[in-house]
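Colleague: Could you take me through one part of this model in some detail, please? I would like to start from the whole and then look closely inside.

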Amino acid sequence: MSEILRYDKVEIKYGDAVAVSDISFSVREGEILGIVGESGSGKSTIIKAAMGLLGEGAGVSSGDIIYDGKSLLNLSKKEQLEINGPNLGMIFQFAGSSFCPVRKIGTQLYEAMRAHSNISKEEFKERVSELLRKLGFNDDTRILESYPNELSGGMQQRVGVVCAMLLNPKVLFADEPTSAMDVTIQKQAVEEMVRVRDTFNTSIIIVTHNIGVVNAMADNVLVLKDGRIVEMGATKDIINNPKEEYTKKLMDAVPRLKR
């Protein structure tokens, strides 16, 4: 498998404050990487930087983020839009906040696909209905005709997963994607993300506090503390035989879920 995404000594600042520093790692095609660490360690900052989603006053102050041989830094808005979606996708922690509250879910999902492809409404309906059913919805037509506020937080989150997967991106970033789901739906979401990887050779970077989710789907794990990499390696090694004291404490502090 060849490398598709690389962070090279990346430092990210919010104003004058350094959020993460000296971040270097790579992700291969079809690889699932889990990023874990306590709140405020910089997990979400790292993945948002690749898609230009850090917000005003924040940015990569040194280093580089390279996708498929091309730097993702200093892209024009047009270039960013061409890459985000069909190449880089994002599942947000609170999917409901990414939807327009006064427009129906189906309309918003269809426009997202039309921005990057010439898909017909019939093809769209077939694709989105299949994904909705796989994530536990047995009333896909009602979901597409609903406004965001008519769905619960967990339902919004599942729709957010569907939205990110519709375009089959080459790299899928997932920011705490299962945080608002019950255990049964978490399992379905994890299985669907793994299925996307297996079917389309999609690379996935998942940020999560849930070690059970990491254990169930990640090939490798990166451990962050205070914006720096503490430890990185194969999932089974990090979870079962961590070398660093911080990683040991992190693993001891969370409940274990079997693979």
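Modeller: Happy to! This is a predicted model, in which local features need pLDDT of at least 70 and side-chain atom pairs pLDDT 80 or more, while totals for chains, interfaces and linings use all residues. Residues are numbered from 1 along each chain as its sequence is written, and side-chain values use heavy atoms, without hydrogens or water.

The chain has 10 helices and 10 strands (DSSP runs of H or I, at least four residues, and of E, at least two, numbered from the N terminus). Its radius of gyration is 18 Å, which agrees with the value near 18 Å for a compact globule of 259 residues (over C-alpha atoms; 2.2 Å times the number of residues to the power 0.38). The C-alpha atoms fill a box of roughly 50 × 45 × 35 Å along the principal axes.

Now the inside. Of the 259 residues, 49% are buried (under 20% relative accessible area, with a 1.4 Å probe and protein chains only). The largest nonpolar core holds 47 residues, and L109, V159, M193 and M217 have the most contacts inside it; such a core is a set of buried Ala, Val, Leu, Ile, Met, Phe, Trp, Tyr and Cys residues joined through side-chain atoms within 4.5 Å. Helix α6 (residues 153-165) gives this core its largest share, six residues. Leaving out residues up to four places away in sequence, L109 touches F99, F124, V128, L144, V159, C163 and L166 (contact means heavy atoms within 4.5 Å). Another core, of 30 residues, lies apart from the largest one and includes L33, L72, I83 and V207.

Helix α1 (residues 43-50) is largely enclosed by the rest of the structure, because six of its eight residues are buried: K43, T45, I46, I47, A49 and A50. Just after α1, G52 takes a positive phi of about 70 degrees. In helix α10 (residues 245-252) you will find T247, which is buried with a relative accessible area of 0%. T247 touches V223, V230, E231, I238 and P242, again not counting residues up to four places away in sequence.

Note on methods: Buried < 20%, exposed > 50% of the residue type's maximum accessible area, 1.4 Å probe, protein only.
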